[in-house]
Amino acid sequence: MEISDISLENLATHISIACRRIREGFVIEELADVLVDDYPFEKIVANEIIKEVEAFTLLAFPKTEIDYIIVHLLGTKLLHKKELAEFSKFDEAGTIINCMLDRLKSELNWDFRQDREFIQSLTLHIRPAMNRLRYKMNIRNPLLNDIKKKYPAAFEGAIIAGKCIEEYLGMEVVEDEIAYIALHIGVALERMKLNKKKIKKVLIVCASGVGSAKLLSYRLKNLYGQEIEIADTINYYNLSSYDLSFIDLIISTIPIKENLGVPVQVVNTFLEDKDIHAIKCFLSKTQNVAEKYLHPSRIFLQLELRDKESVIRFLCDELYKQKLVPRDYVNLVLERESITPTCFGNLVAIPHPMVPVTKETFWTVCTLKSPIHWHDQQKVQFVCLLNIKEGTQTDLDGMYEKLISIIENRYVVQKIIKSKTADELMACIK
């Protein structure tokens with residue numbers, strides 16, 4: 001029986017707690033609704049494990065404790081791809097995954113229905129996850145905070161997908177389980193992005209000879225290999241007669257004054273940091289993201305609000321006044337917040353509605369005079385309400401990238417919090 005390293009550690013922790021419990025006379029009650037006889041293989045494994053533990057500790061494990069280990073194994077066992085062939089698409093995992101695929105398509109416009117790898121990996125994950133939830137097993141995801149912070153789009157998708165499990169089992173899906181689903185969605189999104197990405201055709205204009213032209217070409221391939229294809233390397237005097245109809249970008253080591261109808265990026269032959277950054281900006285098209293998503297009419301500074309709900313209500317009311325959101329918008333944002341809090345540390349929170357409903361994607365931001373409690377011990381002083389366009393998710397990568405760069409930069413967040421005017425705050429975000 002194969003289980004992951006984390007599951008093995010959890011199992012060892014459970015057994016060591018069980019040993020102490022038995023030694024001190026606290027035996028768990030019989031588990032209701034668990035038919036362990038339906039799982040003969042897991043029963044054999046659990047009995048073999050306990051036989052060794054009993055020999056080592058000289059303790060006697062009652063049947064209820066062994067049953068609990070069987071349940072533990074059911075919740076952690078890794079299935080293999082070959083076992084998938086046995087599963088009908090009409091079983092519970094198939095039903096839930098079809099529901100997830102439909103929800104992700106209808107609510108976020110992510111169509112994974114042809115992504116066999118995603119469906120397969122999710123099926124392998126959902127089966128033990130169902131057992132974990134059904135038998136109320138605690139599971140801790142050591143990557144939870146990293147996933148929430150670094151893959152916010154995938155995490156949002158996982159919350160929507162998790163609703164399918166909640167409705168099927170009639171019980172809440174905890175954050176740790178949501179984060180595991182988010183990993184599978186994150187991989188599928190990366191795959192989708194790679195398939196959609198149009199490789200840019202690049203023409204190199206180099207004035208300093210074959211050697212340096214080759215060096216520049218190899219460096220560009222090394223840095224942007226999956227994003228560009230170098231069509232040719234030419235001298236400047238050949239440029240006027242070159243067919244540029246299929247070229248997306250000219251990278252030149254000398255200034256080009258004439259308008260060629262193709263973007264030109266002038267670089268140092270040895271590619272300095274500023275050159276690398278400029279090319280990256282051209283390829284990702286994220287350099288004007290602050291101006292794109294933020295408007296002075298949606299910036300509110302140094303507010304005196306006492307709690308999370310007051311902040312969310314204030315921002316949603318302002319958007320309703322500007323006729324940008326429906327009247328019930330605040331309920332959608334509070335519903336999303338109730339599932340898992342949107343504070344990310346560093347005094348930042350990014351609330352947003354349960355489902356996208358606005359005509360455009362934009363930010364609404366506020367700073368607070370004093371930090372407020374958002375969740376547990378986390379305090380917040382900068383809030384960015386994220387309003388996502390209904391029906392399309394194609395333009396969000398650059399926006400999330402920008403938000404993450406703000407969240408993780410303590411210096412920038414402090415400057416934002418101290419900003420006295422909307423222009424000052426816009427300059428910080430730029």
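Modeller: Start with burial: buried means under 20% relative accessible area, exposed over 50%, and partly exposed in between, using a 1.4 Å probe and protein chains only. This is a predicted model, where local features need pLDDT of at least 70, side-chain atom pairs count only at pLDDT 80 or more, and totals for chains, interfaces and linings use all residues. Residues are numbered from 1 along each chain as its sequence is written, and side-chain values use heavy atoms, leaving out hydrogens and water.

Biologist: Why is N141 called buried?

Modeller: The relative accessible area of N141 is 6%, and the limit is under 20%, so N141 counts as buried. N141 sits in the loop between α6 (116-134) and α7 (144-150); helices here are DSSP runs of H or I with at least four residues, strands are runs of E with at least two, and both are numbered from the N terminus.

Biologist: Which residues does N141 touch?

Modeller: Leaving aside residues up to four places away in sequence, N141 touches I147, D176, A179 and Y180. Contact means heavy atoms within 4.5 Å.

Biologist: What makes α2 and α3 oblique to each other?

Modeller: Helix α2 (residues 40-57) and helix α3 (residues 63-74) pack at about 120 degrees, with axes 9 Å apart. Axes are lines fitted to C-alpha atoms, for helices over the stretch in contact, and angles run from 0 to 180 degrees between N-to-C directions. Angles under 35 degrees are roughly parallel, over 145 roughly antiparallel, 65 to 115 roughly perpendicular, and the rest oblique. The pair is therefore oblique.

Biologist: Which residues of α2 and α3 meet?

Modeller: From α2, E42, K43, V45, A46, N47 and I50 meet I66, I69, I70, L73 and L74 of α3.

Biologist: What makes β5 and β6 edge strands?

Modeller: Their open sheet has four strands in the order β5-β7-β8-β6, with mixed pairing. Two strands pair if DSSP finds at least two bridges between them. β5 (299-303) and β6 (348-349) each have a single partner strand, so one side of each lacks a neighbour in the sheet.

Biologist: How do you know that β6 and β8 pair?

Modeller: Two bridges link β6 to strand β8 (residues 378-387) in the parallel sense, and at least two are required. A349 stands opposite V383 in β8.

Biologist: How many bridges join β3 to β4?

Modeller: Three bridges join strand β3 (residues 249-252) to β4, and the two run parallel. In β4, V264 is the bridge partner of I250.
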